[in-house]
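Here are a few exercises to work through with the model open beside you. Try each task before you read its solution.

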Amino acid sequence: MLFLSRRKAIRKANPRTTFPVLERKIMPTDPLLSLNLKNGLTLLGWDQSKKITADHWHVCVMVEISIPVEKKWFGDNPMDEETFKQIKGELGESVVFQQKRERQFIRVDEKDKRVKEICKNVQETGVKYLGRDDFAAKYILKVFADQQRRRQG
């Protein structure tokens, strides 16, 4: 699966835009969390924890949803064909929602417990919001608006 890494991103110029975009990288392992949401999207989660001292960890779970840019997401809020073509031309075939859930300075014997705790929390709380029918449309419009703002200023 693909993800966008903010800190280690390789910046390159996109020929369609005047600002740099982040290059996608491939996740090294299978996801530890995979949920099919009620809106048809799939939520994936990876353990990206790092050892920071001999007996402590920085626990991090990266949650990601790949959202194809399709007109079906805008069923309740129809948009004209020209606007949709502009959005798809700007964003491409898909956009990626990402969220990090982190815990700092966790003892080595508590690491696995904290990772499971974060995954359980994502399943209980995150799915309610991310699984809403209007989530994909709102996120696509947010990413589009962010790119428009970057272009202007």
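**Exercise 1. Find where leucine 33 sits, and decide whether it is buried or exposed.**

Step 1: Leucine 33 belongs to strand S5; helices (H or I, at least four residues) and strands (E, at least two) are DSSP runs, numbered from the N terminus.

Step 2: With a relative accessible area of 4%, leucine 33 is buried, because buried means under 20% relative accessible area, exposed over 50%, and partly exposed in between (1.4 Å probe, protein chains only).

Step 3: Contact means heavy atoms within 4.5 Å. Leaving aside neighbours within four places in sequence, leucine 33 is in contact with Leu43, Leu44, Gly45, Cys119, Val122 and Gln123.

Step 4: Now pick out methionine 62, 29 residues along the chain from leucine 33; their C-alpha atoms are separated by 9.8 Å.

A word on the ground rules: this is a predicted model, where local features need pLDDT of at least 70 and side-chain atom pairs count only at pLDDT 80 or more, while totals for chains, interfaces and linings use all residues. Residues are numbered from 1 along each chain as its sequence is written, and side-chain values use heavy atoms, with hydrogens and water left out.

**Exercise 2. Describe the order of helices and strands in the chain.**

Step 1: Count the elements: the chain has 3 helices and 9 strands.

Step 2: Follow the sequence, and the pattern reads β-β-β-β-β-β-β-β-α-β-α-α.

Step 3: Look at how the chain folds back on itself: among contacts between residues at least 6 apart in sequence, 65% join residues at least 24 apart. Of the 153 residues, 40% count as buried.

**Exercise 3. Find what covers the buried residues of H3.**

Step 1: The buried residues of H3 include Phe135, Tyr139, Ile140, Val143 and Phe144.

Step 2: Their cover includes S8, H1, S9 and H2.

Step 3: Zoom in on isoleucine 140, which touches Ile67, Pro68, Val69, Trp73, Phe74, Ile87, Leu91 and Val95, not counting residues up to four places away in sequence.
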